[in-house]
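Hi,

Here is the structure I promised to pass on. Please open it first; my notes follow below.

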Amino acid sequence: MWKVTGASAVGTTHEVIGRACDDASAWSTEADVTCLAVADGAGSRPLSSRGSALAVERAVSVASACAREPGASDPAAWLRMVFSDVHEQLGALASEQNQVPDDYATTLAIVILTRDLVCIGQVGDTIVVAGREGAYETVAPSPRAEYVNETFFVTEERALDLARLTILPAAGIDSVFLSTDGLRYKILDDLATAVPFVPFFDDVAAYVRSPDATADAVQRFLARLRDDQSGDDKTLVAAARIRPDDIQHTRQPGGQTTERVATDQTAAERAATAPAGRA
Amino acid sequence: MPEFFPRVNQDNPDPRIACALLLDTSGSMNGEPIDQLNQGFKLFCDEIRDDELAKKRAEITVITFGDTAKVEIPFTEGRDLEPKTLRAGGATPMGAALNLALGQLAEQKQAYKEAGLEYYRPWLFVLTDGEPTDREAFAAAAERVRQAEANRGVSVFGIGIGKAANMDRLKELSAQRTPLKLDGLSFREFFSWLSASLGAASASNAFGSSDTGVAQAEAADQIPLPPAGWAAA
């Protein structure tokens, strides 16, 4: 089973001009299917925060429904369904509001975790990292070469053609992280190659597994990370695999039994105690 | 419970904003004008060092055109920029200076890309108190500059100094920005504005890893330049 947490924080340059956070995230766990989504509304578009909010909600709900359907066996089709649904929904919202879809422009990353598969779909410059026992890899990073690294949005006509779809066997993958581009300077070791910065992902994975992990604490971390070099909105959603037998039943002083998750406490404590701004 | 603060990468280099200053050092600049220019540039060096972001994000080159067009100061980070006393003399080979600047800017951008650095749209400033004496070279160079601007590869600022500055020639350098005239010899005000402007640019997130990416970032985050108090009405 997977444990998930995540949050967003408004970017420092957005604060200066009084703009709200255009990033959004959502996740769901139902039966054996966990779905995670992040989206970054285009800063140049007036209604993009509504675009990103609607995108993640729809993405998670459509992905979850597709993957849980009896006999569902074509994961690439689930991902395509997510992008075409979000594209249509944003188009419908735009026409209802007498706007153009471009006003709601947003990037979108969706991850579907099933018993057997890790399915990743991305449109735009989102960052998805998969972890295997402390080794991390960025999945299908957004290309950077001249003329191709324009950020693409799910609202574009060619959104489905632009989507980067990756299907991986779930075996061995024990953590998955989603982010918008606002954190790129802080969580990548190298911007050009999108190689992950390992200590960050080690610390986040350990934290997510710890029993006290909260979305509020993730939000506070993002808000306190002011020197992010991008000035952009920041979002982090992290999922870590925990086995049912990792759950210990701990007797509390009051005689109550609570579920606790066994973790690498040293790593969790290290993550939790690293002072702000320290490398 | 202690606050969650995972280790983050503190070593990724900041995005860069390349700024080429093309300064007229022809004979007519001799005396008070070149003195004021030198004082203004010295002030600029001090002020850019005081801007937390611009000192590491802005990279400045100074190209003069007088006897010849030459690179007086190669691209240097704001924090390492040192004043240099420029001397006036000779004609106004502005076309040669523009060609030199375009070459320097292209090389700089290439270096950014190779180093994996993101960048802002580079700035090209042309300050003159006269008109190009290399007319043919200037016509071709001006065309190249307009093309670079149209390709969103550079922002061009033309500035005329004194009554003899040919504003029509400066106009040929940009289809997007009208050249301005310096109010008297207010070089100090101009350079102070330039350091503030580089500070404002550095504080914006109008940068990317390619010219297309930069243009897209600019659409989301326009750089608010301070008012040009140095310009003549």
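Keep in mind that this is a predicted model. I start with a helix pair in chain B.

In H1(B), the residues Gln36(B), Leu37(B), Gln39(B), Gly40(B), Phe41(B), Leu43(B), Phe44(B), Glu47(B) and Ile48(B) make contacts with H6(B). Their partners there are Phe187(B), Arg188(B), Phe190(B), Phe191(B), Ser192(B), Leu194(B), Ser195(B) and Leu198(B). H1 covers residues 32-49 of chain B, and H6 covers residues 187-202. Their axes come within 8 Å and cross at roughly 25 degrees. Angles under 35 degrees count as roughly parallel, so H1(B) and H6(B) are roughly parallel to each other. The crossing of H1(B) past H6(B) is right-handed.

Next, the core. The largest nonpolar core holds 150 residues. Those touching the most other members are Ala37(A), Ala59(A), Ala63(A), Ile110(A), Val111(A) and Leu22(B). Helix H2 of chain A, residues 48-68, gives the most to this core: ten residues. Leaving aside residues up to four places away in sequence, Ala59(A) touches Ala37(A), Val82(A), Val86(A), Leu108(A) and Ile110(A).

Chain A overall: eight helices and 14 strands. Of its 279 residues, 51% are buried. Among chain A contacts between residues at least 6 apart in sequence, 73% join residues at least 24 apart.

Last, confidence. Chain A has a mean pLDDT of 86, with 85% of its residues at 70 or more. Over residues 248-279 of chain A, pLDDT stays under 50. The model has 50 contacts beyond four places in sequence for that stretch. Where pLDDT is low, predicted coordinates should not be read in detail.

Best wishes

Conventions. Residues are numbered from 1 along each chain as its sequence is written. Chains are lettered from A and ligands numbered from 1 in the order in which they are written. This is a predicted model: local features need pLDDT of at least 70, side-chain atom pairs count only at pLDDT 80 or more; totals for chains, interfaces and linings use all residues. Helices (H or I, at least four residues) and strands (E, at least two) are DSSP runs, numbered from the N terminus. A residue is buried if 20 or more other C-beta atoms lie within 10 Å of its own, exposed if 12 or fewer, and partly exposed in between; C-beta atoms are placed from the backbone. Two residues are in contact if their C-beta atoms, placed from the backbone, lie within 7 Å. pLDDT is the predictor's confidence in each residue, from 0 to 100. A nonpolar core is a set of buried Ala, Val, Leu, Ile, Met, Phe, Trp, Tyr and Cys residues joined through C-beta atoms within 7 Å. Axes are lines fitted to C-alpha atoms, for helices over the stretch in contact, and angles run from 0 to 180 degrees between N-to-C directions. Angles under 35 degrees count as roughly parallel, over 145 as roughly antiparallel, 65 to 115 as roughly perpendicular and the rest as oblique. A crossing is left-handed if the near helix is turned anticlockwise from the far one by less than a right angle, and right-handed if clockwise.
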